[in-house]
Amino acid sequence: MNSFGNAFAWLFAPEQWSGPSGIPARVLEHLGYTALAVLLGLVIALPIGMVIGHSGKGGFLVGAVNALRAIPELGLLILLVLLMGIGLLPVTLALVVLAIPPLLAGTYSGIRNVDRSVVDAARGMGMKEGRILMRVELPNALPLILGGLRAATLQVLATATIAAYVSLGGLGRFVIDGLYLRDFAQTLGGTIVIAVVALALEGLLILLQRLVVSRGLRRNPTRRRDRTVRPVEIAVETA
Amino acid sequence: MNWLSRNIDAVLELTGYHLVIALLPVLFGLVISIPLGWVANRWPVARAILVPVAGIMYTIPSLVLFLILPPLLGTRVLDEINVIIALTIYTVALLVRSVADALAAVPPHVIAAADAMGYRPVRRFFGVELPLAVPVLVAGLRVATVSNISLTSVAAILGVPQLGSLFTDGFAVENYDEIVVAIILIFLLAMVFDGLLLLAGRLLTPWARAGRAVGAAK
């Protein structure tokens with residue numbers, strides 16, 4: 001238990017809270033890597049998932065991209081760094097590869113699972129296909145899309161820790177440096193900061209999900225009929 | 001790929017370690033999450049505690065959990081037991097809600113029918129409710145298995161020997177072959193075990209196919 005005492009002593013030492021290698025700077029760096037990769041992933045996966053989900057063609061692509069999840073992130077990161085040199089680009093590429101599968105699966109299954117009668121009603125009202133996609137299918141698909149976004153963000157945040165192993169910054173710096181210097185207080189202190197940031201981000205994303213999802217789509221877990229799970233949701237949310 | 005033929009023995013040994021570290025947690029996780037899921041389904045209070053706790057555990061990054069466990073358990077950082085326990089925690093966190101939800105989704109008339117046939121609660125659970133939860137369980141187990149096989153490699157940073165060790169070693173000596181071989185092997189292992197679970201799920205739920213066949217014949 002003394003390890004934790006030392007870790008907290010490290011954590012609350014004033015020198016950890018200022019300067020370019022202090023905790024606040026590292027948190028921002030870490031969130032920066034994460035945001036960049038998730039945004040790039042969204043730019044790629046959201047339109048593709050929407051088109052495939054709306055047209056129903058190319059569903060095999062989602063399955064193929066899903067197989068990317070089986071690629072070990074540490075290996076991919078190291079390979080890209082050896083190929084491209086140390087820098088933000090290889091790390092971001094590796095993180096984007098991680099972010100795409102949950103985002104694509106969430107968008108695709110979100111759009112696919114929109115009640116067909118709702119889409120038909122929109123079509124019957126004379127809405128054009130593009131408008132149906134944007135105004136009907138997209139809002140109805142939001143719970144699963146945001147589930148995918150949550151899964152992608154947390155996975156990228158977790159993996160961004162490893163960026164420090166290939167000489168980048170971020171919160172992994174404390175963990176890796178501590179391991180090299182045999183300074184376990186720094187390693188453990190760093191892991192505590194990462195855990196807190198991950199939990200805070202998860203909380204924010206859950207809040208976002210509550211705020212943007214239409215009230216008619218919310219499920220109430222205390223109501224028995226709302227508790228039925230579809231494997232698709234598990235696959236998306238826990239990816 | 002000369003590198004592989006020269007190092008085949010070491011690669012096979014690391015593959016063995018890798019599978020033990022990645023798959024034991026799937027087994028442990030399954031065994032632990034079934035009773036926990038049952039409890040969560042049975043008592044709303046238990047559910048209100050277990051499901052959020054599972055969510056929180058699942059949110060903690062793997063490298064963090066690998067490193068927080070040693071001081072808690074009194075183990076050394078490079079002991080594989082930390083990784084096995086961490087991955088077991090993830091597997092339980094992933095499965096517990098699925099099990100609870102799947103059990104809640106068993107239609108009341110099915111339970112009533114089993115009761116009427118004289119099933120006692122324990123036999124009803126293993127003979128009726130649990131089999132009906134198999135599709136959801138298998139979906140969760142597949143996600144857990146694929147992610148465990150991939151996450152295990154992260155433990156190489158701590159010096160726990162498994163296929164991920166080829167990444168750190170290959171990085172140190174800039175050996176591309178070593179890294180590519182390990183990526184492909186880990187990918188293939190994940191695909192193979194994912195496929196095996198899919199197959200096991202199909203074999204365990206023959207009624208699902210029978211239902212589809214009837215539906216198609218209509």
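Among contacts in chain A between residues at least 6 apart in sequence, 74% link residues at least 24 apart. These values derive from a predicted model. The secondary structure of chain A comprises 10 helices and 0 strands, the order of elements from the N terminus being α-α-α-α-α-α-α-α-α-α. The C-alpha trace of chain A extends over about 65 × 45 × 30 Å along its principal axes. Of the 239 residues in chain A, 46% are buried.

The largest nonpolar core contains 128 residues, and A:Leu95 and A:Ala99 are the residues that touch the most other members. The greatest contribution to this core is made by α5(B), which provides 16 residues. When neighbours within four places in sequence are set aside, the contacts of A:Leu95 are A:Tyr33, A:Ala37, A:Val156, A:Thr159 and A:Ala160.

Between the two chains, 42 residues of chain B are in contact with 38 residues of chain A. On the side of chain B that touches chain A, at least two residues are supplied by each of α3 (44-59), α4 (62-73), α5 (80-104), α7 (121-151), α8 (165-173) and α9 (176-204) of chain B. The largest share of this side, 9 residues, is contributed by α9(B). Classified by residue type, the side of chain B that touches chain A consists of 32 nonpolar, 8 polar and 2 charged residues.

An unreviewed UniProt entry assigns the feature "transmembrane region" to residues 20-41, 48-69, 81-100, 130-159 and 179-200 of chain B. Of these, residues 20-41 of chain B are modelled as 100% helix and 0% strand, with the end C-alpha atoms 31 Å apart. Residues 48-69 of chain B are 91% helix and 0% strand, and the end C-alpha atoms of this segment are separated by 25 Å.

The annotation "domain: ABC transmembrane type-1", likewise taken from an unreviewed UniProt entry, covers residues 15-197 of chain B. Over this span, chain B is 83% helix and 0% strand, and the end C-alpha atoms of residues 15-197 lie 19 Å apart.

How values were computed: Residues are numbered from 1 along each chain as its sequence is written. Chains are lettered from A and ligands numbered from 1 in the order in which they are written. This is a predicted model: local features need pLDDT of at least 70, side-chain atom pairs count only at pLDDT 80 or more; totals for chains, interfaces and linings use all residues. Two residues are in contact if their C-beta atoms, placed from the backbone, lie within 7 Å. Helices (H or I, at least four residues) and strands (E, at least two) are DSSP runs, numbered from the N terminus. Ala, Val, Leu, Ile, Met, Phe, Trp, Tyr, Cys and Pro count as nonpolar, Asp, Glu, Lys and Arg as charged, and the others, Gly among them, as polar. UniProt positions are given in the numbering used here, feature names are shortened, and annotations may be inferred rather than shown by experiment. A nonpolar core is a set of buried Ala, Val, Leu, Ile, Met, Phe, Trp, Tyr and Cys residues joined through C-beta atoms within 7 Å. A residue is buried if 20 or more other C-beta atoms lie within 10 Å of its own, exposed if 12 or fewer, and partly exposed in between; C-beta atoms are placed from the backbone.
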